[in-house]
Amino acid sequence: MTKEDLVVKALQQYTTCDVSDALIKLKYRNGGFLSGLTMWSPHRQEGATKIVGPAYTVQYVPLDDPRPKHPTHYIDDVPKGCVIFVSAPAKTPNAVYGGLMSTRARALGAVGSVIDGRFRDLQEQRDLGYPIFARDVGTAPPAELLKVAAVNVPVKLQTDEQQDMTINPGDYIVADINGVVVLPKELAEQALPLMAKQVEADTKMQVAIEGGMGFAEASRKFRG
């Protein structure tokens, strides 16, 4: 197994909250949380769906952006095991991702897609059982407003909250019912042992609290 495969396998046992807890300890801003992105498929904010994989980034830009349109369709080059991360300019009313994209992504082995913008064909996505995390839904395609300028480049989170977050190609994306987190690839080996330690402490705390111990006492005893 590659180093990347080993990291993905290790992350499978942790929630997005576990990842954020570890990143906060490493002083990574917002614990890697990407605000405003929630689960839409296979269900709307319910169930045990979780995706973990390296980011394959796609950057949409306005048509008047001086950069040329990407020469090939990004969906045909999706790496197996990746999470597709599609970035669209903030407040774009058109969808930038649809059902046929997921059909092709699933065939190539992608584990899910995160759309920083709108997507469409919601029922089709659910019928595929394909995981989608996104900002919102829409109906119109993007071509009248946007074009894909680049693939596998750093992209900025398009949020109106007080966040300045960048998603780099190969960063680990973890998404579940709690939200979407980016784990920078260079921090993964430091973060994983912290997750294990935190989960062990929290498990002991839960047992102690259920047994009548106060939260503050349990926190002092098991978290130190």
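Biologist: Which residues of the largest nonpolar core touch the most other members?

Modeller: In this predicted model, the largest nonpolar core holds 35 residues, and Leu11, Leu34, Val114, Ile167, Ile173, Leu183 and Met195 touch the most other members. At least two residues of this core come from each of α1 (3–11), α2 (16–25), β2 (51–62), β3 (83–87), β9 (172–176), β10 (179–183) and α5 (188–210).

Biologist: What is Met195 in contact with, leaving aside its neighbours within four places in sequence?

Modeller: Met195 is in contact with Leu11, Tyr14, Asp18, Val19, Ala22 and Leu183.

Biologist: Why is α1 called roughly parallel to α5?

Modeller: The axes of α1 and α5 cross at roughly 25° and come within 11 Å. Angles under 35 degrees count as roughly parallel, and therefore α1 is roughly parallel to α5. The crossing of α1 with α5 is left-handed.

Biologist: Which residues make the contact of α1 with α5?

Modeller: Lys3, Val7, Ala10 and Leu11 of α1 meet Ala188, Glu189, Leu192 and Met195 of α5. By class, this contact has 6 nonpolar, no polar and 2 charged residues.

Biologist: At what angle do α5 and helix α6 pack?

Modeller: The angle between α5 and α6 (residues 215–222) is about 145°, and their axes are 9 Å apart. α5 passes α6 in a right-handed crossing. Ala201, Lys204, Met205, Ala208 and Ile209 of α5 make the contact with Phe215, Ala218, Ser219 and Phe222 of α6.

Note on methods:
Residues numbered from 1 in each chain as written. Predicted model: local features only at pLDDT ≥ 70, side-chain atom pairs only at ≥ 80, totals over all residues. Heavy atoms only, no water. Core = buried A, V, L, I, M, F, W, Y, C linked by side-chain atoms within 4.5 Å. Buried < 20%, exposed > 50% of the residue type's maximum accessible area, 1.4 Å probe, protein only. Helix = DSSP H or I, 4+ residues; strand = E, 2+ residues; numbered from the N terminus. Contact = heavy atoms within 4.5 Å. Axes fitted to C-alpha atoms, helices over the stretch in contact; angles between N-to-C directions. Parallel < 35°, antiparallel > 145°, perpendicular 65-115°, else oblique. Left-handed = near helix turned anticlockwise from the far one by under 90°. Nonpolar A, V, L, I, M, F, W, Y, C, P; charged D, E, K, R; others polar.
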